[in-house]
Amino acid sequence: MNAPATQNLFKTELPEDKPVIIMTRTFNAPLDLLWTVWTQPEHVAYWWGPREDNEIVDYDVRKGGKWRIVSSMSDGTKIVFFGTYLDVVPKTLIKNTFVVEGQFEEDDRFYEEHRFEERDGKVFYRSTAYLDSFETRQGVIDSGMEWGANAAMAKVDEILARLQRG
Amino acid sequence: MDSLSITLSALADPTRRAILARLAQGEASVNELAEPFEMTLAAVSKHIKVLEGAGLVSRSKQAQWRPCKLEAGPMRDVAGLVESYRRFWEQNLDQLDAYLTKLQTPDSGTRN
């Protein structure tokens, strides 16, 4: 039963025709378990984000519900993630807005779509982040900010190459 | 002055992305840029103006035909956003995977 982690192929796509980020991967777990771990706050605290210390303030996984997680870093910095569930279909789909205080503003048109599908006792996961709406958001990203914005430069060529193919 | 929003707004249009794609191959005149599109030169010029406004494209003042050139600076900001978001979720999903493995391992102390 100890399948190597390398079987969980992870893929990120930046399609050229839409400003979206698509991430796919497989989890070696049944869908029931993954759904529980994804939707129960006591589990989320174990896998969410920077993870030094997560406080799950709100986590109401149903259409219109709110979520809010405060991650405290060892240096005392706090990062606040929050959003609203736009749609929830149990064990199938979660659509939510994704806000990072000070970085991303809340906007219904910037949302994440998480899709789950069980195949042979494993879960195929696909998320799509829709970035189109950033045109209306007010937040400014600072490339020096906490969670790893510094690898940006290397991405420029890649994005240009993708534009080029389009 | 949220320059990133301006950049993303400029990138939101397929015609403008196609123009950038063409410019990624090298400088081009407005006429050359307009060629593949079924629209008037004026319409294409408008798109180029938006791209200029976002700092994604600059136009040379020397040559008479004023070629357009791609400017990578604003793309860097977009790339930064995309990259930080991607890395965040990549890390999250790795942690989720490790946690799921732990839960499914008998005698793991965490839960159940």
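A nonpolar core is a set of buried Ala, Val, Leu, Ile, Met, Phe, Trp, Tyr and Cys residues joined through C-beta atoms within 7 Å. The exercises below apply this to a predicted model.

**Exercise 1. Find the residues of the largest nonpolar core that touch the most other members, and the elements that supply the core.**

Solution.
- Step 1. The largest core has 23 residues. Those touching the most other members are A:Phe27, A:Leu34, A:Val37, A:Val123 and B:Leu100.
- Step 2. Now list the elements that each supply at least two residues of this core. From chain A come helices H1 (31-39) and H2 (41-47) and strands E4 (66-72), E5 (78-89), E7 (99-100), E8 (111-119) and E9 (122-130). From chain B comes helix H5 (73-104).
- Step 3. Take B:Leu100. Leaving out residues up to four places away in sequence, B:Leu100 touches A:Phe27, A:Ala29, A:Leu33, A:Leu34 and A:Val37.
- Step 4. Another core, of 16 residues, lies apart from the largest one. Its members include B:Ala10, B:Ile19, B:Leu51 and B:Val57.

**Exercise 2. Describe the fold of chain A by its element order, burial and contacts.**

Solution.
- Step 1. Chain A has three helices and nine strands.
- Step 2. Along the sequence they run β-β-α-α-β-β-β-β-β-β-β-α.
- Step 3. Of the 166 residues in chain A, 28% are buried.
- Step 4. Take the contacts in chain A with a separation of 6 or more: residues 24 or more positions apart account for 36% of them.

**Exercise 3. Which residues of H4(B) are buried, and which exposed residues lie on the face turned away from them?**

Solution.
- Step 1. Helix H4 of chain B covers residues 41-53, 13 residues in total. From first C-alpha to last it reaches 18 Å, close to the 18 Å expected at 1.5 Å a residue.
- Step 2. Its buried residues include B:Val44, B:His47, B:Ile48 and B:Leu51. They share one side of H4(B), because they cover an arc of only 100° around the axis.
- Step 3. The face turned away from that buried side carries exposed B:Ala42, B:Ser45, B:Lys49 and B:Gly53.
- Step 4. After H4(B) comes B:Gly55, with a positive phi near 75°.

**Exercise 4. Work out how H2(B) is oriented against H4(B), and name the residues that meet.**

Solution.
- Step 1. H2 of chain B spans residues 14-23. The axes of H2(B) and H4(B) come within 10 Å and cross at roughly 75°.
- Step 2. H2(B) is therefore roughly perpendicular to H4(B), since angles of 65 to 115 degrees count as such.
- Step 3. B:Thr15, B:Arg16, B:Ile19 and B:Leu20 of H2(B) meet B:His47, B:Ile48, B:Val50 and B:Leu51 of H4(B).

Technical notes
Residues are numbered from 1 along each chain as its sequence is written. Chains are lettered from A and ligands numbered from 1 in the order in which they are written. This is a predicted model: local features need pLDDT of at least 70, side-chain atom pairs count only at pLDDT 80 or more; totals for chains, interfaces and linings use all residues. Helices (H or I, at least four residues) and strands (E, at least two) are DSSP runs, numbered from the N terminus. A residue is buried if 20 or more other C-beta atoms lie within 10 Å of its own, exposed if 12 or fewer, and partly exposed in between; C-beta atoms are placed from the backbone. Two residues are in contact if their C-beta atoms, placed from the backbone, lie within 7 Å. The expected span of a helix is 1.5 Å times one less than its number of residues. The arc is that of the directions from the helix axis to the C-beta atoms. Axes are lines fitted to C-alpha atoms, for helices over the stretch in contact, and angles run from 0 to 180 degrees between N-to-C directions. Angles under 35 degrees count as roughly parallel, over 145 as roughly antiparallel, 65 to 115 as roughly perpendicular and the rest as oblique.
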